[in-house]
Amino acid sequence: MIDLSGRVAIVTGAGNGLGRAYALDLARRGAAVVVNNRRHPGQPDADTSAWRTAEAIRQAGGRAIENYGSVEAPGSGQGMVEAALETFGRLDIVVANAASPQASGFSRTSLEDFRAIFDVGFLGTLNLLHAAWPVFRQAGYGRIITTTSSAGRYGQHGLAAYGASKAAVETLTRTLAAEGARHGVRANSVSPYAASQMTADHMRPDVAALFRPEKVAPLIAWLASEACDLNGQVIVAGGGRFRRAFCVETESRPATEEDLPAVLSGLADAPGRAFDNSNQAFDTLLVEAGLPPR
């Protein structure tokens, strides 16, 4: 079993569903956990989902504290990082899981609503990662795990704001992976399929029974561990099965204005290639055009 004894993690959106499963599993493996989930107005501590998750960890003999910050609020990420350092003396792992659901077409989504959904999904991740980044760099170690979605890669009717936030998270994760590699910081993204409050209305009972949040938790633990050798990757997980997602481009083909439609149509069935970074993608295009790479 992956041992995370002595490590300290922050998990956002950890009151229910996937986030709760992650927090409980990390704690079971020895990590101390800052459990984040916003408090609803008027809720006493014992009625909050963050407190209930943290208390479950404490009752099982683990270490945890609850945090009620709204992830999209300025200073929320810094507050979580400071709570980890003040309570547990260090920070090794951040799991940015919090998101806001959406089920409305673009024409029915006001700019205010779009921004609210996007801010939770993207700024909620950015706030935490930006606060944890200098801690990880100074320590020469860190594990970043973000949450993305197939809606961010492929698009989905009714999920414009949610999908846009997840697409932004994927790009941010790959960029931090590139920048953090020489500092001992690894950043990867998980694209989970699981029965949760967000998906409850869209899963048959037999699907929900198989796609329990606990099926994704072992992946989070491995990505959070020293054993993880992946960096800048997107892992799709659900029902105990896993696959990797890539950004790909086909080979280029020359075209004139007249034959452009036919050439583009032909590229639809051309094989794709994944690149390590944007520079490699451009250099390949230069070579295909008959020029030397930069």
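The mean positions of the 28 positive and 29 negative charges of the protein chain lie 7 Å apart. The model is predicted. Its protein chain holds ten helices and ten strands, and 45% of its 294 residues count as buried.

**Overall dimensions**
- A compact globule of 294 residues would have a radius of gyration near 19 Å, and the 21 Å of the protein chain agrees with this.
- The C-alpha trace of the protein chain spans about 70 × 45 × 35 Å along its principal axes.

**Surface and contacts**
- The protein chain has an accessible surface of about 15100 Å², and carbon and sulfur atoms make up 53% of this area.
- Among contacts in the protein chain with a separation of 6 or more, 68% are between residues 24 or more positions apart.

**Nonpolar cores**
- The largest nonpolar core has 32 residues, and those with the most contacts inside it are V11, Y22, L26, V33, V35, V95 and I145.
- Two or more residues of this core come from each of the strands β1 (8–11), β2 (32–36), β4 (93–96) and β7 (234–238). The helices α1 (17–28), α2 (49–59) and α8 (217–223) also give two or more residues each.
- Another core, of 31 residues, lies apart from the largest one. Its members include A32, V94, F136 and V185.

Definitions and conventions:
Residues are numbered from 1 along each chain as its sequence is written. This is a predicted model: local features need pLDDT of at least 70, side-chain atom pairs count only at pLDDT 80 or more; totals for chains, interfaces and linings use all residues. Side-chain values use heavy atoms; hydrogens and water are left out. A nonpolar core is a set of buried Ala, Val, Leu, Ile, Met, Phe, Trp, Tyr and Cys residues joined through side-chain atoms within 4.5 Å. Buried means under 20% relative accessible area, exposed over 50%, partly exposed in between (1.4 Å probe, protein chains only). Helices (H or I, at least four residues) and strands (E, at least two) are DSSP runs, numbered from the N terminus. The radius of gyration is taken over C-alpha atoms; the globule rule is 2.2 Å times the number of residues to the power 0.38. Contact means heavy atoms within 4.5 Å. Accessible areas come from the Shrake-Rupley method with a 1.4 Å probe; for residues, only the protein chains shown count as cover. Lys and Arg count as positive and Asp and Glu as negative; His and the chain ends are not counted. The place of a charge is taken as NZ of Lys, CZ of Arg, CG of Asp or CD of Glu.
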